[in-house]
Amino acid sequence: MSTSVTPSRFGSEGKSYSTFRNSRSRTNPSDRAGEEIEFASQKALRDTWFTRMRIFTAPYFAEFIGTAVFVLIGCGSNLTYTVMTSNAESAWLGAAFGWGIGLMLGVFVAGGVSGAMLNPAVALSFAGYRGLPWIQVPFYFFAEFAGAFVGALLAYACFAHSLDPFDGYHRQISGTFGSAGSFGNFARPFIGNGAAFLSEAVGTGLLVIGVFAITDASNFPARSCTPIAIGLLLTGLALSIGYPTGYSFNPARDLGPRCAAAIWYGAGVFTAHGSYTWVPVAAPLAGGIVGATLYELFIVSRRAAVVEEDDHSSSVSVHSSETFE
């Protein structure tokens, strides 16, 4: 995925200059002078510090907005089913689709500008194997965490008055009227941190393998359906292996909303369940790298060997036909 962007209105400079140059011979000197001044002023406007900074920061603002959209819809889905239903099965299904749709929309928003990582584990994997410049990785991380934080704030703002009658104006982390889990994830009470780490790492590894396959032009890429495919990928992982931990699979998606939740729920969101906070941050980073490495070692290398074999067969066939002739 490319992480550089050149706005389309700047991409026509060559054509505009060519048209201007070809038309000079058909105009009188005074008109030519006016056109030259206008062209120079337009070029100077494009070269302003503000424009250069806007182009430089575009991928990071895209990551910020895309992640905010993703988390807003996901946390909103969690809060909806926390407040309105006691049916755990329907709530789980609805929230899984909510997070998948949120990710799909986030990728639609940011994909053409930043590549729509929306996940530090994915950004780290793309830096390791898909050419994302390492110097951009810290900026991606910051944009994703900030976007997740803002998305969670917006979700809380939309549901604050709905939570009041639910918990009696007393925000609780866990229990019958607990709602902090709608923001940061918490493993099931019977799941230890070690088992939770394994679950999060495996889930994120599968997520990265899926993203690599969906975006691999030499495999079977989803192309224009990439956002839909990635959203369904997350929904599938949530429904299949997300139960033990609540399927974070994304350090920003957990830590950003958890920090936002601490404003109303207190510091207990960081210390609950045996100081669980580190698990959904560290495990996805480790699992993502493992998943990316497995894909590159056992899928890309095999595909490259097949392509090389096909090319060799084609060259032998061509050589044989030439000899026969």
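Student: Which helix gives the most to the nonpolar patch?
Tutor: H4 does, with five residues. This is a predicted model, where local features need pLDDT of at least 70 and side-chain atom pairs count only at pLDDT 80 or more, while totals for chains, interfaces and linings use all residues. Residues are numbered from 1 along each chain as its sequence is written, and side-chain values use heavy atoms, with hydrogens and water left out.

Student: Which residues form that patch on the surface?
Tutor: Leu93, Phe97, Ile101, Leu105, Phe108, Ile228, Leu232 and Leu239, with about 700 Å² of accessible area together. Areas come from the Shrake-Rupley method with a 1.4 Å probe, and for residues only the protein chains shown count as cover. A patch takes residues with over 30% relative accessible area and no salt bridge, joining nonpolar side chains (Val, Leu, Ile, Met, Phe, Trp, Tyr) within 5 Å and like charges within 9 Å.

Student: Which helices each supply at least two residues?
Tutor: Helix H4 (88–114) and helix H8 (226–241). Helices are DSSP runs of H or I with at least four residues, strands are runs of E with at least two, and both are numbered from the N terminus.

Student: And Phe108, where is its place?
Tutor: Phe108 sits in helix H4. Its relative accessible area is 46%, so it is partly exposed. Buried means under 20%, exposed over 50%, and partly exposed in between, with a 1.4 Å probe and protein chains only.

Student: Changing topic. How many salt bridges?
Tutor: The count comes to four, where a salt bridge is a side-chain nitrogen of Lys or Arg within 4 Å of a carboxyl oxygen of Asp or Glu.

Student: What does Glu296 form a salt bridge with?
Tutor: Arg130, with the closest N and O atoms 3.4 Å apart. Glu296 lies in helix H11 (residues 279–324) and Arg130 in the loop between helix H5 (120–129) and helix H6 (137–167), so the pair ties together parts that are 166 residues apart in sequence.

Student: Is Glu296 buried or exposed?
Tutor: Glu296 counts as buried at 17% relative accessibility, whereas Arg130 is partly exposed at 22%.

Student: What about Asp254, which residue does it form a salt bridge with?
Tutor: Arg258, and there the closest N and O atoms are 3.0 Å apart.

Student: Which residues do salt bridges that share partners join into one network?
Tutor: Asp164, Asp167 and Arg171. Within that group, Arg171 and Asp164 have their closest N and O atoms 2.7 Å apart. Arg171 is buried at 15% relative accessibility, and Asp164 is buried at 14%.

Student: Now rings. How many aromatic pairs?
Tutor: The structure holds 13. Rings of Phe, Tyr and Trp (its six-membered ring) pair if their centres lie within 6.5 Å; planes under 30 degrees apart are stacked, over 60 edge-to-face, and the rest tilted. One of the pairs is Tyr60 and Phe139, which is tilted, at 5.3 Å centre to centre and 35 degrees between the planes. Tyr60 is in helix H3 (residues 49–84) and Phe139 in helix H6, 79 residues apart, and the pair links distant parts of the chain.

Student: How does Tyr60 come out, buried or exposed?
Tutor: Tyr60 is buried, with a relative accessible area of 9%, while Phe139 is partly exposed at 42%. Another pair is Trp92 with Tyr247, edge-to-face at 5.3 Å centre to centre and 90 degrees between the planes. Trp92 lies in helix H4 and Tyr247 in the loop between H8 and H9, so that pair ties together parts 155 residues apart in sequence. Trp92 is partly exposed at 23%, and Tyr247 is buried at 4%.

Student: Which residues form one aromatic cluster?
Tutor: Phe56, Tyr60, Phe139 and Tyr140.

Student: Last one, the backbone. What is phi of Ala116 near?
Tutor: Phi of Ala116 is near 55 degrees, a positive value in a residue other than glycine. Ala116 is in the loop between H4 and H5, and it is buried at 9%. Arg223 also has a positive phi, of about 55 degrees, although it is not a glycine. Arg223 is in the loop between helix H7 (193–214) and H8, and it is exposed at 59%.
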